[in-house]
Amino acid sequence: MRADEVLGRVVLVTGKEEFLGERTVQEVKATVRSHDPESELSEADAGDLTLATLGELSAPSLFSSVRCIIVRALENLPEESVAGLLDYAAAPAEDVSLVLVHGGGQKGSGTLTKLRKVKAVTEVKSEVLKASDYPGFVAAEARRFGATIDNDASRALVDAVGQDLRSLSSAAHQLTNDFPGERLTADKVSRYFGGRAEAKSFAVADHAFGGNREKALEELRWALDNGTAAVLVTSAFAGSARGLARYKGAPRGMREADLAREVGVPPWKLRTLRDQSRSWSDQGLAGAIRAVAKADADVKGASSDAAYALERLVLTVAGLRDGR
């Protein structure tokens, strides 16, 4: 951001993704502070905002005329304050950056509509990402930190870390620092984040449904030895079984994006399901679903040996592939 993009203007931050919204707020603050190290920062809740308080916040002080004002929870702005805010937005103070943060939803949408029509208002949206958007977010974060990352590595990082944007950004930053100047690959991601419990559970399930019982057992023993809860493994198997069932039952000829929505997985996951589905009959998949249900009951108390129940699950599922 440049100073002339925020000073004498209103930055409207909208959407439910708090991490992205707060990043925009911090970028505006940093831009103002870079322009004038003596600039002053003020924050207020929209529920307490009146024309008088806005005037006080934007008025020059004895120390600096440059100010950055953050008004949060714009959806709570009192109705009687809307006109005053719109009047200010139409002619903002030259040395003031006003940031209005709206948390998403319908509340206060009328005010947003009016603000969007004001020339001095710039909107930055921070909408919640779709499942298919997360690898792209990882790639953008890597570029942000001065690195490049291949597609498989981006997907692997999402699998390992999950869909919390703050955690993904932190992981991308860590990888960039650990491999300065190098392209980030799936191998590097696995080296640092392959031990995540959720990721190892899905690795066990993927190998089992892919028919690779030796690799599945190896991953299972590694996961259990490193403290992965047994219920995470059965949950991963259940997710894989559901995904396969939905994929096999989906209408043929659908576009990839529509098929991903129908199955309930990100588009890149379809490749795994497509490969697995070729070796699974309906009868075999039904048997796998029964095996998962039994193992889930066993690890939740029906059996005294959870590790044995999971090993039996791996062998059963791997054996049912190809209708065996």
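**Exercise 1.** In what order do the five strands form the open sheet, and is the pairing parallel or antiparallel?

*Solution.* The model is predicted, so local features need pLDDT of at least 70 and side-chain atom pairs count only at pLDDT 80 or more, while totals for chains, interfaces and linings use all residues. Residues are numbered from 1 along each chain as its sequence is written, and side-chain values use heavy atoms, with hydrogens and water left out.

Step 1. Strands (E, at least two residues) and helices (H or I, at least four) are DSSP runs, numbered from the N terminus. Two strands pair if DSSP finds at least two bridges between them.

Step 2. The order is E2-E3-E4-E1-E5, and the pairing is parallel.

Step 3. Strand E2 (40–45) and strand E5 (121–125) are the edge strands, each pairing on one side only. From one strand to the next, the twist averages 20°.

**Exercise 2.** Which residues of E4 point each way, and are they buried or exposed?

*Solution.* Step 1. Buried means under 20% relative accessible area, exposed over 50%, and partly exposed in between (1.4 Å probe, protein chains only).

Step 1. Val-96, Leu-98, Leu-100 and His-102 point one way, Ser-97, Val-99 and Val-101 the other, and all are buried. In a regular strand the side chains alternate between the two faces of the sheet.

Step 2. On the count, seven of the seven residues of E4 are buried. Val-96 stands opposite Arg-67, and five bridges join E3 to E4.

**Exercise 3.** Describe the packing of helix H6 on helix H7.

*Solution.* Step 1. Two packed helices are described by the angle between their axes and the distance between the axes. Axes are lines fitted to C-alpha atoms over the stretch in contact, and angles run from 0 to 180 degrees between N-to-C directions.

Step 1. H6 (residues 151–161) and H7 (residues 165–178) pack at about 125°, with axes 10 Å apart. That makes H6 oblique to H7, since angles under 35 degrees count as roughly parallel, over 145 as roughly antiparallel, 65 to 115 as roughly perpendicular and the rest as oblique.

Step 2. Contact means heavy atoms within 4.5 Å. Leu-157, Val-158 and Val-161 of H6 meet Ser-167, Leu-168, Ala-171, Ala-172 and Leu-175 of H7.
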